[in-house]
Amino acid sequence: MAVGLAVASAVEGNYNGHITWFVVLSCLMAGMGGVIFGYDIGISGGVTSMESFLKRFFHEVYIKMTEDPKTSNYCKFNSQLLTSFTSSLYIAGLFASFLASFVTRAFGRKPSILTGGAAFLAGSALAGAASNVYMLILGRALLGVGVGFANQSVPLYLSEMAPPRYRGAFSNGFQFSIGIGALSANLINYGTEKIKGGWGWRVSLAVGAVPASILTLGALFLPETPNSLIQSHNGQEKAKSMLQLVRGTPSIQAELDDLIKADLNTKTVRHPFRTIRQEKYRPQLVMAIAIPFFQQVTGINVIAFYAPVLFRTIGLGESASLMSAVVTGVIGCSSTFISMLIVDKLGRRTLFLVGGIQMFVSQLMVGGIMAAKLGDHGGLSTGYAYVVLLSICIYVAGFGWSWGPLGWLVPSEIYPLEIRSAGQSITVAVSFLFTIAVAQTSLAMLCRLKSGIFFFFGGWVAVMTAFVYLLLPETKNIPIEQMDRVWREHWFWKRIVDQEHETSKPKDHDPNSA
């Protein structure tokens, strides 16, 4: 028997409803939470390659880049203070995600989204007005609080509002929003770099207030999800009305019954973080840790954070580096949009496997060219530089339709309601934890491993592709409230889940035993 086979959906079609404009508009507004995350990823990499920004806040890096011919190409940007600027956001986001878990569970998805938008708005204003590096990092910390709340609540919001058969497309919209944010940041960086006077970086940092304002104001008018109305507000009638509105049909009793049943399970759960450690939730706990970990060690954040820096390393100029980042941003958005269209047809596993192979091959190509042609000094020839750029675009496309969107989609749809907030919080926390690790070590690894950094991440891509093939079942078209069946029918996980399921069953009463 082949491992990791897809589970046929016997329940597909049991729920009535279709895509309504109400759902589309609500999810578009919530998706601004992804835009602010993507904007920050793109903006931080861009401003750290601007000479005016480096000269003001990171003078040591500026000197190495412009006046020190002895420093290796791979080591010019190696600075702990510079990496602290990048990772401070994710340290704050790590701690904020746990607070966001409580808010999301106790008060609903909407308050978490509102809090995230407001915090990001304040952080954008502070960073744009920064006069010293401490003010800059404090602004980054506030941005991190915003991202922590948004990443906790928005994926849940999208997966709960979407009709089951279209959940993949809606949830992938979060990664698409991240891509739009990153692309917007790259375009703004390309424009502000040309501002005479050296203050273009302020515009880049401050413009983050625009999507944050839209999210904050829009969150005031967002409807709460039916799941949250039942769980947080004990409002079955409100949930029924909302479900009829978002599904566009009065015939929603089957889905409502499943929501109520799932909510009853949550009433017995007082400590969700302790509950998720039970053996029957072992598959979900493993995925809550493994998927965000693997998403970070694909190496994407080396590209996302430091794309302009990387392109300068291989010999491209400041403006050309920023334009190259724009090109990779367009590729990332396009591939994620394609993923939105096909994920509910081809399934999650197929995209994971295809994307994994694509990323593995392209990373070997980049590493091989840089190992053979890029020394410690000088740059790549124009031809090889553009081959590296092409290979990176192939890599970004592979990530864009696999680990990028699916790294958020799969965790958001596999948790039962009683552990959903805790599970999503663990996913976000693990993502932040390893984002911090990658951000703090990437430039040092580039300096020490040189081209070997791409072989390092390529090895991890091979491991995660095997993990998906062996241990991740197919989840397309399965309603969230009935997702536990995919684990009971999986070749490996059924040994653990069925054992727990059997021991938890009440024993039949034998009338002759009296």
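Helices here are DSSP runs of at least four residues, numbered from the N terminus. The loop between α22 and α23 (484-488) takes its name from that numbering, and N477 is placed there. The model is predicted.

**View 1. N477 sits in a loop with a positive phi.** The residue lies between α22 and α23. Its phi is about 65°, although N477 is not a glycine. N477 is buried, with a relative accessible area of 10%.

**View 2. K450 also has a positive phi.** The angle is about 60°, and K450 is not a glycine. K450 belongs to the loop between α21 and α22 (452-471). Its relative accessibility is 29%, so K450 counts as partly exposed.

View 3. The structure holds 23 aromatic pairs. Y90 comes from helix α5 (residues 80-107) and F432 from helix α21 (residues 417-449), so the pair ties together parts 342 residues apart in sequence. Y90 has 0% relative accessibility and counts as buried. F432, at 2%, counts as buried.

**View 4. F174 and W408 meet edge-to-face.** Their centres are 5.2 Å apart, with 80° between the planes. F174 lies in helix α8 (residues 167-192) and W408 in helix α20 (residues 403-414), so this pair ties together parts 234 residues apart in sequence. Both F174 and W408 are buried.

**View 5. Ring pairs build a cluster.** The linked residues are F293, F294, F352, W403, F434, W460 and F467. Two of these names, F352 and W403, return in the next view, in α18 and α20 respectively.

**View 6. Helix α18 packs against α20.** Two packed helices are described by the angle between their axes and the distance between the axes. For α18 (residues 348-373) and α20, the angle is about 150° and the axes are 10 Å apart. The crossing is left-handed. On the α18 side, R348, L351, F352 and M359 make the contact; α20 brings W403, L406, G407, L409, V410 and E413. By class, the contact has seven nonpolar, one polar and two charged residues.

**View 7. Charged side chains sit over rings.** R140 lies over the face of F85, 4.7 Å from the ring centre. The charged end of K194 is over the ring of Y190, at 4.5 Å from its centre.

Methods. Residues are numbered from 1 along each chain as its sequence is written. This is a predicted model: local features need pLDDT of at least 70, side-chain atom pairs count only at pLDDT 80 or more; totals for chains, interfaces and linings use all residues. Side-chain values use heavy atoms; hydrogens and water are left out. Rings of Phe, Tyr and Trp (its six-membered ring) pair if their centres lie within 6.5 Å; planes under 30 degrees apart count as stacked, over 60 as edge-to-face and the rest as tilted. Helices (H or I, at least four residues) and strands (E, at least two) are DSSP runs, numbered from the N terminus. Buried means under 20% relative accessible area, exposed over 50%, partly exposed in between (1.4 Å probe, protein chains only). A charge sits over a ring if NZ of Lys or CZ of Arg is within 6 Å of the ring centre and within 35 degrees of the ring normal. Axes are lines fitted to C-alpha atoms, for helices over the stretch in contact, and angles run from 0 to 180 degrees between N-to-C directions. A crossing is left-handed if the near helix is turned anticlockwise from the far one by less than a right angle, and right-handed if clockwise. Contact means heavy atoms within 4.5 Å. Ala, Val, Leu, Ile, Met, Phe, Trp, Tyr, Cys and Pro count as nonpolar, Asp, Glu, Lys and Arg as charged, and the others, Gly among them, as polar.
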